[in-house]
Amino acid sequence: MNGKTTSEPNGDNGAVPAGGAGGRRAYVETYGCQMNIADGELMEGVLEKQGYEIVGAPEEADVILVNTCAIREHAEERVLGRVGQLSGLRHERPGLVLGVTGCMAQRMGEMLLGNVKAVDLVMGPDGYRQLGDAVDEIVHRRGPRARRNRRLAVLDLSLDENYQGLEQRRRSDVTAWVPVQRGCNHRCTFCIVPYVRGPEKNREPDDVIAEIRRLAGDGITEVTLLGQTVNSYRHGDWSFARLLRAVARVDGIRRVRFTSPHPVDVTEDLVEVMATEPAVCEQFHLPLQSGSNAVLKRMVRRYTKEIFREKVAMLRTGIPDIALSTDVIAAFPGETDDDFEQTISFLSEIRFDEAFTYRYSERPGTPATRFPREWFVPENVARDRLSRLIGATRFVQAEINQDEVGRVEKILVERRARSDGMVLGRTRRNKAVVVRGGPDDIGRYRTVRLVDTTGATFIGERLLDEEISHAPVAPPE
């Protein structure tokens with residue numbers, strides 16, 4: 001097996017897990033983005049194939065994997081705290097195997113083994129094909145001493161690992177995440193992804209389409225194509241627009257989404273596919289990051305706000321009913337008060353349906369950490385800017401959603417809502433709707449009228465078929 005191996009004691013005295021011969025119950029706990037969620041499903045698939053039973057709680061498991069994100073410092077601190085909590089289960093299960101996987105594991109590497117004695121396995125995103133063997137190598141200590149207390153770090157980055165041929169263990173029977181691209185060729189100065197996931201690696205289009213056909217055969221009607229910059233996908237003479245069209249035409253697939261695209265790779269061909277293929281949803285996540293050209297240049301985003309404005313116009317002209325979401329970072333190094341005001345103004349101009357807002361988080365190993373220290377925004381200023389950013393984006397979102405009250409939409413019901421007797425579904429434009437319903441509604445399409453909004457979520461009422469012709473109807477499914 002590839003990867004680095006260390007042999008530091010971990011305090012379990014080589015005991016065999018409580019689950020029987022070698023321990024066959026595993027639990028994966030995932031933090032972070034949609035790609036991490038897909039990776040969690042992939043790890044569960046690998047372990048299940050290896051003979052492990054996937055369980056729903058860490059207390060039931062002999063092997064616990066914490067699947068991590070490295071985008072923000074707070075996320076890493078949260079994970080380290082969680083690892084500490086989980087290590088306490090060793091009091092009842094002395095042979096418990098505890099692993100940390102994902103982007104944070106790749107970034108911190110063997111430091112995790114040195115600093116967190118409870119951790120037995122550290123594995124980066126390119127190591128999951130070896131996961132079953134790695135866990136077995138720790139669990140099955142062949143010989144009285146040779147494998148006792150063996151701890152592993154599997155951290156090699158591969159130029160061609162895209163996990164072709166491996167099956168995810170789907171956690172949802174309603175929707176499916178389908179990775180089509182891993183890694184990233186962009187070098188945004190704030191981003192750790194290229195350093196923990198490696199360069200861009202695109203899957204064979206035939207493999208992607210075959211997977212989606214299998215999903216459709218299993219009754220799943222909505223898929224989301226995933227990639228770090230998904231619309232930069234290229235494989236031979238296949239562009240992302242061509243792949244999207246092929247996926248949208250798979251029998252049984254009624255809705256296709258994708259995330260996260262890069263503004264630079266928004267093309268007329270892509271907009272044309274979105275506008276003409278009925279299965280492609282009227283939704284687009286377009287990360288802005290900043291409304292200041294000076295900040296965008298320091299971020300190495302490869303576009304200006306003028307170019308971004310043109311991309312938005314292209315999308316809204318081609319798909320008039322499209323819903324746009326975005327990402328924005330406050331207090332990036334060198335951001336002045338004027339830069340920040342430009343961002344607030346630009347957000348007010350573009351009017352996104354949803355915005356994910358962040359305060360800049362310094363990530364060791366990224367180019368931004370080498371900026372002059374006087375460029376870094378004081379903590380109190382950064383907090384104030386983030387607070388204003390959240391307020392500004394939520395205000396616009398609430399206005400947009402209030403204007404949509406009264407629309408008739410078809411939602412795909414995904415799960416029970418928090419309130420008894422209610423379920424949650426999403427419209428084609430990715431608007432969350434809570435409506436009265438029960439378990440039998442999950443996985444089904446229901447027609448609803450939007451009757452109220454809490455700002456981010458709609459309250460809906462179910463419509464009978466005969467009522468639909470008397471209400472303003474959204475574009476057809």
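Predicted model: local features only at pLDDT ≥ 70, side-chain atom pairs only at ≥ 80, totals over all residues.
Strand S5 takes in residues 97-102, and it is mostly covered: 6 of its 6 residues are buried. It has strand S4 (residues 63-68) as a partner, with 6 bridges joining the two, and they run parallel. Within this pairing, isoleucine 64 has leucine 98 of S5 as its bridge partner. To get from S4 to S5, the chain passes through helix H2 (residues 73-87), and this β-α-β crossover is right-handed.

S5 also pairs with strand S6, which spans residues 121-123. Here 3 bridges do the joining, and the two strands again run parallel.

Now for the helix. H9 covers residues 268-276, and its buried residues are Leu270, Val271, Val273 and Met274. These residues sit on the same side of H9, because they cover an arc of only 160 degrees around the axis. The face turned away from that buried side is where the exposed residues Glu268 and Asp269 are carried.

As for what lies over the buried residues of H9, the cover includes both helices and strands. On the helix side there are H8 (240-248) and H11 (305-318). The strands among the covering elements include S14 (255-259) and S15 (283-285). Taken together, H9 has a buried side with Leu270, Val271, Val273 and Met274, and a face turned away from it with Glu268 and Asp269.

Technical notes: Residues numbered from 1 in each chain as written. Heavy atoms only, no water. Buried < 20%, exposed > 50% of the residue type's maximum accessible area, 1.4 Å probe, protein only. Helix = DSSP H or I, 4+ residues; strand = E, 2+ residues; numbered from the N terminus. Pairing = 2+ DSSP bridges. Right-handed = clockwise from strand over helix to strand, strands pointing away. Arc of directions from axis to C-beta. Contact = heavy atoms within 4.5 Å.
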